Amino acid sequence: MILADLFHDISDVFFPPLCISCADVLPDCQDKVFCRECLQNIHYITQCHCPVCGAIFPDSPAGNHLCGSCLDNKPHYTFARAALAYEGIILDAIHQFKYGRNIIHGAALAGLLADFHFPDMDWSTYDVIIPVPLHIRRLRDRGFNQALLLARALGKKHGLDVDFSLLKRRKLTLTQTGLDKKERAINIKGAFFAAHPGRLKEKNIILVDDVFTTGATINECAKTLKKGGANQVAAITLARVL
Ligand SMILES: [Zn+2]
Ligand SMILES: [Zn+2]
């Protein structure tokens, strides 16, 4: 046994790993962050879905098919996928991470996202990962961009570069909470700009954010990146409002 392993074992005796949701001791699973019981309450998104926006169709007999919204108004992104439903202990953990600045929760959630298998995602066809940017004022208040932490976990897992300098936010928007899809799109319009358009040319990009609600933010980012020369923009989020 090497010294680092021994130190790890000793520290686990005095400071055993705890489930980040219920704080129960996690027996014999140092790399897990939720206990078995809490894991059963996490809803991974595996149902039939819209191949573009990823909207799910619970118990759909028709399999994957385009949703009405994508048929009416094709988004600027090629497709959007999320790993988890934005509810229950995942919603609580995301709030702890974002607003409680709890980095342990952040690392745990980033690990869940990086380990999730997106069946229709071919990571090798993408050039770079870009996190959805925060406005500089919000970044100063929060101290970190939650999307960047998630993007870094995905970049490490899939061997892709993460570049937060390519897309910037120029508009400090009002909170999107309480707004419907149309109002959100209006609120976010013109909020982003491509900082180095020359570096986006013909690039296939993965946008990363924490939560997909109506897709208005992701769509505005994708529109900006494509206007800046990007070829394709896909979006991966940790969670999705169902
Ligand atoms: Zn638990
Ligand atoms: Zn759709």
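This is a predicted model: local features need pLDDT of at least 70, side-chain atom pairs count only at pLDDT 80 or more; totals for chains, interfaces and linings use all residues.
Q: How is the protein divided into domains?
A: Domain bounds come from an automatic or database domain assignment. Here domain 1 covers 1–41 and domain 2 covers 48–240. Their centres, taken over C-alpha atoms, are 30 Å apart. The contact takes 5 residues from domain 1 and 8 residues from domain 2. Two residues are in contact if their C-beta atoms, placed from the backbone, lie within 7 Å.

Q: What is the strand order in the open sheet?
A: Strands of a sheet pair through backbone hydrogen bonds, either parallel or antiparallel. Strands (E, at least two residues) and helices (H or I, at least four) are DSSP runs, numbered from the N terminus. Two strands pair if DSSP finds at least two bridges between them. This sheet has 5 strands in the order β1-β7-β6-β2-β3, with parallel pairing. β1 (79–85) and β3 (161–162) stand at the edges with a single partner strand each, so one side of each has no neighbour in the sheet.

Q: How many bridges join β6 to β7, and how many join β1 to β7?
A: β6 (residues 204–212) and β7 (residues 232–240) pair over 8 bridges, in the parallel sense. V211 has A239 of β7 as its bridge partner. β1 and β7 also run parallel, joined by 6 bridges. There A80 stands opposite A235 in β7.

Q: Which strands does helix α7 lie across, and which does α9?
A: Axes are lines fitted to C-alpha atoms, for helices over the stretch in contact; angles run from 0 to 180 degrees between N-to-C directions. α7 (residues 146–158) lies across β2 (128–131), β3, β6 and β7, at about 130 degrees to β6. α9 (residues 216–227) lies across β1, β6 and β7, at about 160 degrees to β6.

Q: Which residues of α5 are buried, and what covers them?
A: A residue is buried if 20 or more other C-beta atoms lie within 10 Å of its own, exposed if 12 or fewer, and partly exposed in between; C-beta atoms are placed from the backbone. In α5 (103–115), the buried residues are H105, G106, A108, L109, A110, L112 and L113. Their cover includes β1, α4, α7 and β7. In β1, 6 of the 7 residues are buried, so the strand is largely enclosed by the rest of the structure.

Q: What does N204 touch?
A: N204 lies in β6. Not counting residues up to four places away in sequence, N204 touches T125, Y126, D127, N231 and Q232. N204 is partly exposed, with 14 C-beta neighbours inside 10 Å.

Technical notes
Residues are numbered from 1 along each chain as its sequence is written. Chains are lettered from A and ligands numbered from 1 in the order in which they are written.
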